[in-house]
Amino acid sequence: MSEKPSVLFVCVHNAGRSQMAAAWLTHLAGDRVEVRSAGSAPAGSVNPAAVEAMREVGIDMSAQTPKILTIDAVRASDVCVTMGCGDTCPVFPGKRYLDWKLEDPAGQGVEAVRPIRDEIKGLVEGLIAEIARS
């Protein structure tokens, strides 16, 4: 029995980049991958510009809420992706850690968020291809 791979996306506020990455992975991989996202200091709500940018490509993440990063979430994930925000993930042997250097969409309008959204999509597509090979 092979369990499906799990990916955890982490940024400080879990309001923009990590939410978009989780939404893309869920959208593109469907139920082939277990998806989580979290932040070390979660915001009160998801960035409205990120929600709007994703709505433009047909992905609704309006019901998502920022979640606190827990050691259990890291332990339960095969791949931990940080979003270039210097977040420190607890490190467990046998886990894969990636750091995606992405501009922070916080406080920016939807025009500024679109290129970040598109860059995240490309990174997620690459991640799906890597997971499929392993």
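Student: In what order do the four strands form the open sheet?

Tutor: Strands are DSSP runs of E, at least two residues long, while helices are runs of H or I with at least four, all numbered from the N terminus. Two strands pair if DSSP finds at least two bridges between them. In this predicted model, the order is E2-E1-E3-E4, with parallel pairing. The edge strands, E2 (34–38) and E4 (96–99), each pair on one side only.

Student: How many bridges join E3 and E4?

Tutor: Strand E3 (residues 79–82) pairs with E4 over four bridges. Cys 80, for instance, has Tyr 97 in E4 as its bridge partner.

Student: Which residues of helix H2 are buried, and what do they pack against?

Tutor: In H2 (residues 48–55), the buried ones are Ala 49, Ala 50, Val 51, Ala 53 and Met 54. They pack against helix H1 (17–29) and helix H4 (110–133).

Student: What should I know about the numbering and the limits of the model?

Tutor: Residues are numbered from 1 along each chain as its sequence is written. Local features need pLDDT of at least 70, side-chain atom pairs count only at pLDDT 80 or more, totals for chains, interfaces and linings use all residues, and side-chain values use heavy atoms, leaving out hydrogens and water.

Conventions. Buried < 20%, exposed > 50% of the residue type's maximum accessible area, 1.4 Å probe, protein only. Contact = heavy atoms within 4.5 Å.
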